Amino acid sequence: NSLMASTTSAGVASAPAPAPATAAAASADADGALKRKADEEHDEDEPKKRLSCDTIRMRINMFLGQGTMTQTEFLKTIGANSNSYQRFMRQKGPDAGSQNNTYWGAMKFFEEQADKDKEAKKEAKKAKGDGSSAKAIKAEAEQFLEKVLAVPVEREGVFDDCNAVRAKIAGFIGQNGVNQTMFLRAIGVESNSFQRFMSVNGRDAGAGNKTYENAYYFFEKLRILKDEPKSTKRVQAEKTTPQGYPLQTPRGTWTLPSSFTQ
């Protein structure tokens, strides 16, 4: 009979069949899908990978040091003003400045630059057809670095300030097939030390960092190898500071960031 059909063999009533989805539940699902789509569209404008503030400061220093774009042009491109930029560049720490427009604009800018470089490398690789040319370029770069390091030089003092050395580094890496890893190996500096030096700004900011002294003497060797004369600024520094600039960062001091000059 019907009563027996509605119970199990143990005499317990069977669970009722699940109710069909209601209109309200279907509407909620649709709203959730729309929100996910909106979030995905919003994320397209956000950087794919978030970098630390110190890393962005380092990249800004290196980029401006290359001289391909002035500071004014750079700020206009990333949508930041000079005051915002100076506040960001004065700070120190992986999260210091994370709410600053300079941080987000620069991060997006460098991400787009990386995408362009990646595509350019792909096209170059297709044109070459194999990796033989890349290997040859790497070998030539390593030979070039060996020639520079073989030049004898007396360590009589450092006569370029920190900003000048940072500018030289930024202009050198990427030239003659030399990448950052090769350069750091040549001057005997680890990546963390290098990043700390390149992420600050100021004539004596980073003077106690090993990168400062080692990079200076590397470029002094390079100058001698190329048989280039000392710059007017260098000669003046030797007269005013014959013992060379201090190899330590003064405590409690900071210099506002500015474009690199030599």
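Which helix is Thr 102 found in? Thr 102 is part of helix 6, which covers residues 101-128; helices here are DSSP runs of H or I with at least four residues, numbered from the N terminus. Before we go on, note that this is a predicted model, where local features need pLDDT of at least 70, side-chain atom pairs count only at pLDDT 80 or more, and totals for chains, interfaces and linings use all residues. Residues are numbered from 1 along each chain as its sequence is written, and side-chain values use heavy atoms, with hydrogens and water left out.

How much can you trust it? pLDDT is the predictor's confidence in each residue, from 0 to 100. The protein chain averages 80, and 73% of its residues score at least 70. Among the elements, helix 11 has the highest mean, 96, while helix 1 (residues 2-5) has the lowest, 44. Residues 1-13 stay under 50, and the model gives them five contacts beyond four places in sequence (a contact means heavy atoms within 4.5 Å). Residues 253-262 are also below 50, with 29 contacts beyond near neighbours in sequence. Where pLDDT is low, the predicted coordinates should not be read in detail.

Back to Thr 102. With 0% relative accessibility, Thr 102 counts as buried, because buried means under 20% relative accessible area, with exposed over 50% and partly exposed in between (1.4 Å probe, protein chains only). Its side chain makes a polar contact of 3.2 Å with the side chain of Ser 84. A polar contact is a pair of N or O atoms within 3.5 Å; within protein, one must be able to donate a hydrogen and the other to accept it, and residues adjacent in sequence count only if both are side-chain atoms. A polar atom of the Thr 102 side chain also sits 3.4 Å from the backbone nitrogen of Tyr 85. Leaving out residues up to four places away in sequence, Thr 102 touches several others, among them Ile 60, Ile 78 and Phe 88.

Now for helix 8. Nine of its eleven residues are buried, so helix 8 is largely enclosed by the rest of the structure. At its start, a side-chain oxygen of Asp 161 comes within 3.1 Å of the backbone nitrogen of Asn 163. Just after helix 8, Gly 174 has a positive phi of about 100°.

Most residues other than glycine have a negative phi. Asn 176, in the loop between helix 8 and helix 9, has a positive phi of about 55° and is partly exposed at 49%. Asp 227, in the loop between helix 11 and helix 12, has a positive phi near 55° as well, and is exposed at 70%.

Notes
Helix = DSSP H or I, 4+ residues; strand = E, 2+ residues; numbered from the N terminus.
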